[in-house]
Amino acid sequence: MPVLEKGALRADDWQVVDDEAALPDAPVLISLARLLRDAALLAGRNAPLGVAIGNDVNPDVLAPLLPRLALVQVVLPKSRDGRAFSQARKLREYLGYTGEIRVAGHVIPDHYAMLLRCGASTVVVAEGTDAAVWEASRKVVSIAYQHGLAAETPISLLRRKVA
Amino acid sequence: MPEAPYIPQPEHARTYRYDAVDREFLAQRIAEFRDQVARRLAGELTEDEFKPLRLMNGLYLQLHAYMLRVAVPYGVLNSAQLRQLGMIARRWDRGWGHFTTRQNIQFNWTQLTDVPAMLDALAAVDMHAIQTSGNCIRNTTTDEFAGAAADEIADPRVYAEILRQWSTLHPEFTWLPRKFKIAIRGAEADRIASRTHDVAVQVKRDAAGAVGFTIQVGGGMGRTPILAVPLFEFVPEAEFLRTMEAILRVYNALGQRENIYRARIKILVRDLGRDGFLDLVQQELARMPLAPYRLAPEVVQAIRAHFAPPPFAPAGDAAAALARATLAEPEFAAWVALNTRPHRQAGYASAVISLKPVGGIPGDATAAQMEAVADLAERFAFGELRVSHTQNLVLPHVRQDELYALWQGLLAAGLATANFGQGSDIIACPGLDYCALANARSIPISQQISRVVDALDRTHVLGELQIKISGCINACGHHHVAHIGILGVDKHGAEAYQITLGGAPGNDAAIGELIGPSFSYEAVAGAVEKILLTHIGLRAPGERFVDTYRRVGQAPFKEALYARA
Ligand code: SF4
């Protein structure tokens, strides 16, 4: 499925690899279980490594491994399940993660601006998605009333310009 | 779509005044919702996807129609806003509105196609319906006498407004496990049912006069009523928002999402234990950066300016004039005794406008009444108003020597019921007359009980008495924390009512105890009468019902209700 990044769609260049399958020398997305199990083996790997975490995972478990990771994928199993927002925020805000945070699952355009403000970078979207709809949704509200992690310019009081 | 023209607001009413930035935000938010409605109609959003979006804009689907719930931030309103609510009631509803226990107002007969125009009309007076519903941070509630009460230590409106802004479309906390309700007060006296909230805040001052916050967490009603427990004794002002973020983040990550009845923070706090929960919050706090979450004194100062005292006149002989008027007119004296409260400014009082006429619908006001109250607020109270969580209206600042003229104006509008805090000042949820979740009717039960109680009150003077009615276990009518609580249940397909006794919402907060088997629709008002007659027989002079009950226990009340004749 395509990936939405900064208002444009692109092909997903990450390969999802099962826990027991051999890892190709290319960007791979593996499970958290495998990441923890094979941490020592993976230490010598050069190609980009990504991990997909469930919405019940405390990102703290990733802390020692984050320097090795180029992608952390979080998920919204249902559109109203907002745990991924906090996971992204923790990764960015104090776990010091600077790589890509990708959001998969039941994501709708109305989540987009808020996900970005929590530190997410990209969203996995359905085939045939119109990126313009997501961009419009991201931009429709350009003022925020609290600290966020997207590019933002303080205005006055608690307010900032975001879109 | 042309925007509604901006309606000027009274100069001295202390509502938070929008500037160009706030207005731009609101216009954008309405545009977004208009687009969401269009996408829903075009099939681009499923109902499942649309539902949380419409709820976050205050739009509920009830039994017979949509209901639009409009936010009255921390219950503070001005006359131009109330007049506009009256206009909305007349034009798009059936001529009335209903004030709620969340200090909001709802319109029960809304057409989906009218909603964008209604939102435009609200925006014309800096109002909206954002986050009045849905699994997000709801309207923060506060003391209806904030900024006026003689016993106030710090003005909670300032921090309630800060919470309102901070929680507005919060990027991290808009898709919570369940709704999240915060209440804040600035006096020792708890007039806001603090411990029934997800988070309860008390603004305090330390010995040096610096502001800080006592925070309680994990209260809630519903099928598992729990009173909030202490979390922090004194959070410094600068750390207020950071602390709220940490609490919400722990809840967002760990609150249950599978079972709607276990999704409130009260269950998480109960399951982890207060110390276990505190430990997680402190772990967050230890790692969150300080600077971005710091509540700067300049911000507090700028918001505080919106709530500066209005230009009070010198007291003169206002108190003496009031005393003379009460002597001359016993009915007025009764209203003053029950419906006014002491003010911090000499010569002033706060006046409660009861929306609980005996035999009426609790919290309802007609368009004409809203307009009449708006006029009276302008004449007597700087155009400033409050909605109380007990579903009444308040004029916070009235000169004592103008109370009589105010009372006459209220009489003319049918709004001079003298019963604030008394037995006929009943809180009732909409129940089966409107609500899709109800088991039983609340409104007609409330009407019957108010007549019974009023009759007893006239001969026996019952004093402070809190009766609250919910149409189902969701407990929107706060029956768990009533002196006499009434809960509608379904008994083999018929409406039936359980009665709990001994609950209370304030400083003596308690969850009421079930007295015994339920009563039929026809029998419940009679049961309340028996309870009160039992109280009258047992009470010490001047003793409130709840104190008698706590002193003597269930037995005599059980006997009166269930013993065979
Ligand atoms: S208590 Fe039940 S019946 Fe009453 S408003 Fe709430 S959900 Fe509806």
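Start in chain B: select B:Leu376, B:Arg379 and B:Phe380 in helix H12(B), and you'll find them meeting B:Ala405, B:Leu406, B:Gly409 and B:Leu410 in H13(B). Here contact means heavy atoms within 4.5 Å, and helices are DSSP runs (H or I) of at least four residues, strands (E) of at least two, numbered from the N terminus. By class, this contact has five nonpolar, one polar and one charged residues. (Nonpolar covers Ala, Val, Leu, Ile, Met, Phe, Trp, Tyr, Cys and Pro; charged covers Asp, Glu, Lys and Arg; the others, Gly among them, are polar.)

You're looking at a predicted model: local features need pLDDT of at least 70, side-chain atom pairs count only at pLDDT 80 or more, and totals for chains, interfaces and linings use all residues. Residues are numbered from 1 along each chain as its sequence is written, chains are lettered from A and ligands numbered from 1 in the order written, and side-chain values use heavy atoms, leaving out hydrogens and water.

Next, select the ligand. Around it sit B:Cys429, B:Pro430, B:Gly431, B:Cys435, B:Leu437, B:Ala438, B:Ser470, B:Gly471, B:Cys472, B:Asn474, B:Ala475 and B:Cys476, each with a heavy atom within 4 Å of the ligand. This shell has eight nonpolar, four polar and no charged residues.

Now hop over to chain A, where you can pick out five helices and 11 strands. Its C-alpha atoms fill a box of roughly 50 × 35 × 25 Å along the principal axes. Colour by burial, and 55% of the 163 residues in chain A are buried, meaning under 20% relative accessible area (1.4 Å probe, protein chains only).

Methods. Buried means under 20% relative accessible area, exposed over 50%, partly exposed in between (1.4 Å probe, protein chains only).
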